[in-house]
Amino acid sequence: MKLGQLPDSLDKCFLGTSSAVSRVLVSVSLTVGQLRITGSCVGAAKQLWDIRTAWKFAPATVSALCSQLKLTAASLSQIQSLLLQDSDILLNRPELRDTFDTTLTSCMVLSTWLDKYMQKITKGLLGASRATWKTKFKTLWNEHEVKELSGQLQTQQGAISMLVGLLQV
């Protein structure tokens, strides 16, 4: 089952119900998925911002990743706003729904990976004295992995921007 789809069992339960109920269920399913991803992006961005503010000479990738996450969260909010303005758009355009599902699923995978990475970083820093947390951060922070994540976020942002454009047509 894709992220924006209703499970088969729910779909069968609502056979014979009005299309308005179906639209509401699809809208709720999509909104919940978007909110979860947006929350992950905002949470990770806040953790990175806190690290950046506490550490005057933090790696540049900390700031870049923080900015990318904020942009992704803002773009997802824009998509949510567009869907709330026209809740039928995904029902009327199945090809757009498939694109939306793929994009949202990719965002979910990426935000889950980022969440786990940030948990590893912050868990390693918890309880560290002020003098040693920067050293521990440098040990846990994998610059190569972060650059790969940053590249994936840029690709994802392109897909989200394209989706916003399609929703506005």
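Lys-70 sits over the face of Trp-49, 4.6 Å from the ring centre. A charge counts as over a ring here when NZ of Lys or CZ of Arg is within 6 Å of the ring centre and within 35 degrees of the ring normal. As for ring against ring, the structure holds 0 aromatic pairs; a pair would need the centres of Phe, Tyr or Trp rings (the six-membered ring for Trp) to lie within 6.5 Å.

A word on what you're looking at: this is a predicted model, where local features need pLDDT of at least 70, side-chain atom pairs count only at pLDDT 80 or more, and totals for chains, interfaces and linings use all residues. Residues are numbered from 1 along each chain as its sequence is written, and side-chain values use heavy atoms, with hydrogens and water left out.

Now zoom out. The chain has 7 helices and 0 strands, where helices (H or I, at least four residues) and strands (E, at least two) are DSSP runs numbered from the N terminus. Of its 169 residues, 36% are buried, meaning under 20% relative accessible area, with exposed being over 50% and partly exposed in between (1.4 Å probe, protein chains only).

Next, take helix H3 (residues 60-85) and helix H7 (residues 143-168). Their axes come within 10 Å and cross at roughly 20°; axes are lines fitted to C-alpha atoms, for helices over the stretch in contact, with angles running from 0 to 180 degrees between N-to-C directions. H3 and H7 are therefore roughly parallel, the label for angles under 35 degrees. Sorted by class, their contact has 14 nonpolar, 9 polar and 2 charged residues. Nonpolar covers Ala, Val, Leu, Ile, Met, Phe, Trp, Tyr, Cys and Pro, charged covers Asp, Glu, Lys and Arg, and the others, Gly among them, are polar.

Pro-59 is in the loop between helix H2 (19-54) and H3. Is Pro-59 buried or partly exposed? It's partly exposed, because its relative accessibility is 23%. The C-alpha atoms of Pro-59 and Glu-143 are 8.7 Å apart, though 84 residues separate them along the chain.

Over in helix H4 (residues 89-92) you'll find Ile-89, which counts as buried because its relative accessible area is 8%.

At 49% relative accessibility, Leu-35 is partly exposed, and its C-alpha atom is 8.4 Å from that of Leu-76, 41 residues along the chain.

How values were computed: Phe/Tyr/Trp six-rings, centres within 6.5 Å; stacked < 30°, edge-to-face > 60°. Parallel < 35°, antiparallel > 145°, perpendicular 65-115°, else oblique.
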